[in-house]
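Colleague: Let us go through the side-chain contacts of this model one by one.

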Amino acid sequence: MPAPVYRVAVTEEVAEFMMKGKNAMAKHVTAADPGIMAGDEVLVVTGDDQLIATGNALLSGDEMMAFNYGGAVQVRSGRLI
């Protein structure tokens with residue numbers, strides 16, 4: 001799928017934690033596909049579109065961009081797991 005479909009981009013400083021299976025928090029989201037709905041399977045990527053994890057969206061794409069607190073993606077599998 002071409003970017004940004006079903007992608008949630010996060011800051012570089014937390015990418016390592018998500019690769020190990022930690023959840024993505026809304027305050028670390030830098031971009032999100034506005035078509036994402038809560039419950040969708042999403043790809044968690046860095047700003048340069050490198051895959052770091054997959055998981056279930058806890059918020060819609062628009063909510064991920066609007067909120068500065070709470071979970072955004074429940075990571076199911078990080079790249080280093």
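Colleague: What is the relative accessible area of phenylalanine 67?

Modeller: The model is predicted, so local features need pLDDT of at least 70 and side-chain atom pairs pLDDT 80 or more, while totals for chains, interfaces and linings use all residues. Residues are numbered from 1 along each chain as its sequence is written, and side-chain values use heavy atoms, without hydrogens and water. Buried means under 20% relative accessible area, exposed over 50% and partly exposed in between, with a 1.4 Å probe and protein chains only. Phenylalanine 67 is partly exposed, at 28%.

Colleague: Which residue forms an aromatic pair with phenylalanine 67?

Modeller: Rings of Phe, Tyr and Trp (its six-membered ring) pair if their centres lie within 6.5 Å; planes under 30 degrees apart count as stacked, over 60 as edge-to-face and the rest as tilted. The structure holds one such pair. It is stacked, with 5.8 Å centre to centre and 5° between the planes, and the partner of phenylalanine 67 is tyrosine 69.

Colleague: How many residues apart in sequence are the parts tied together by arginine 7 and aspartate 49?

Modeller: A salt bridge needs a side-chain nitrogen of Lys or Arg within 4 Å of a carboxyl oxygen of Asp or Glu; for arginine 7 and aspartate 49 the closest N and O atoms are 2.8 Å apart. Arginine 7 lies in strand E1 and aspartate 49 in the loop between strands E4 and E5, so the parts are 42 residues apart.

Colleague: Is arginine 76 buried or exposed?

Modeller: Arginine 76 meets glutamate 41 in a salt bridge of 2.4 Å, N to O. With a relative accessible area of 55%, arginine 76 is exposed.

Terms used. Helix = DSSP H or I, 4+ residues; strand = E, 2+ residues; numbered from the N terminus.
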